[in-house]
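This report concerns aromatic ring pairs and charges placed over rings.

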Amino acid sequence: MGGIFSSQRFGRPQLLAGLLLLVFISECAWLVAHEYPGAIATSTSEDELVRIQGGLVQWHGQGIAGTPSVPTPQDPASIGGNGYDPHHPPLWYLIASTPLYVFRVSLDSRLWIWLTRAPYILFGTLLGASLWYVSRRLYGNAGGFIALGLYCFSPAVIRSSVLWVAQPDVAGAWGTFGAVFTAIAVSHTLYAPREVVLWNWRRIVLLGVSLTLAIGSQFGLAIIIPVLLVFMLYLAPDRKRAAVVILAAACFITLLLLLGSYFFHVPLFVQSVKHARFLDANWHSFVMEGAYRQLLKEIVGSGPVLLLLFPIALVVFLLWQRSRYFGNAAPLIMAVLFLIYRLLSPHASGSVFSLTAVVFLFVFISGIVADLLENKSPESVSAALVGLVTANALWDLIGLARIGR
């Protein structure tokens, strides 16, 4: 135990990050405490009941959620007209229903609200911890705390973590984030003088689990697989075969775990994949003014400070050669990719793509600011940054306080 809690593993930075995450959990708990049990008036709540019911039916061995084996009161057109959910595998339903399957509480119970929100608050907290860990490893303590500070006071992240008029997208965002940076970490080890494939088995398993959580939350997140391959081949151009084998092994683990979420009903799994919409895009969105307004609204909903920090960070990245390296480029590429993906699917009321894009934007902004702090008038940059992040946090906390009135 002494080794685990040594100064190198657990010190002041870890303590401060833990305190920020406790603030995040407190914000989530505040919102949950101001919900009321049995709320089924909105379409979001109705969708939640359908999701939980489908998962409970599967847990009781009476069918597979998201397939014709589980009757649903939803409009058939909304699920493809054939009984298959084109967007979500059964894992999406199983996560939502697991606490209720274990504890068996009634719909009008206050505990029902807390149990249904608990998995997503946990995912949101773990995503915040992962964000801090990655940003700190890439950019130092300053980068880690900038990213975590933006994350912990992001209204969109908090709402997604407690399902406050939001879909449960935080699990998919965490899986996607983990998959991208695990693949990058694996790539950096491929030049080690050892059998890299076998030696990386832990990271391969972690990559497979991350991909499972991402794709298990939304079929469309499978788009990251070819992106991961490009990243790995770029980082290890002389070990392309090892990179391909590692990613293939992780995908095989993902396939097995996703099949497990179907309780190994292979025919239903095959049919579900056939009916899945991996690219649900409306190409006319590029010329739809409303699609851009919606995207801008969702970015602002993740923190108004992004309207200032993101353009500044992007300009610095384009004009300052010192900031143009892979550690900054990778999160920017992922953020732009998911922003475009969200733009192409503007009709959904909420989207895992915009949430995931914002998480990568936090990393990108923290990297650019950390570079500025090291090289360009650190006192001025630090003062401006503290003011902006503090104002963003106050804006979020005031919004939460208004909900309690």
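## Basis

Helices are DSSP runs of H or I with at least four residues, and strands are runs of E with at least two; both are numbered from the N terminus. The model is predicted, so local features need pLDDT of at least 70 and side-chain atom pairs count only at pLDDT 80 or more, while totals for chains, interfaces and linings use all residues. Residues are numbered from 1 along each chain as its sequence is written, and side-chain values use heavy atoms, with hydrogens and water left out.

## Aromatic pairs

Rings of Phe, Tyr and Trp (its six-membered ring) pair if their centres lie within 6.5 Å; planes under 30 degrees apart are stacked, over 60 edge-to-face, and the rest tilted. The count is 19 aromatic pairs. One of them is the tilted pair of Phe24 and Tyr151, at 5.5 Å centre to centre with 35 degrees between the planes. This pair links distant parts of the chain, 127 residues apart: Phe24 lies in helix H1 (residues 12-33) and Tyr151 in helix H4 (residues 110-152).

Phe177 and Phe181 form a tilted pair as well, at 4.8 Å and 50 degrees. These two residues are separated by about one helical turn because they lie four residues apart in helix H6 (residues 170-187). Ring pairs join Phe177, Phe181, Phe338, Tyr341, Phe353 and Phe360 into a cluster.

## Charges over rings

A charge sits over a ring if NZ of Lys or CZ of Arg is within 6 Å of the ring centre and within 35 degrees of the ring normal. Arg51 lies over the face of Trp92, at 4.8 Å from the ring centre. Arg104 lies over the face of Tyr101, at 5.4 Å from the ring centre.
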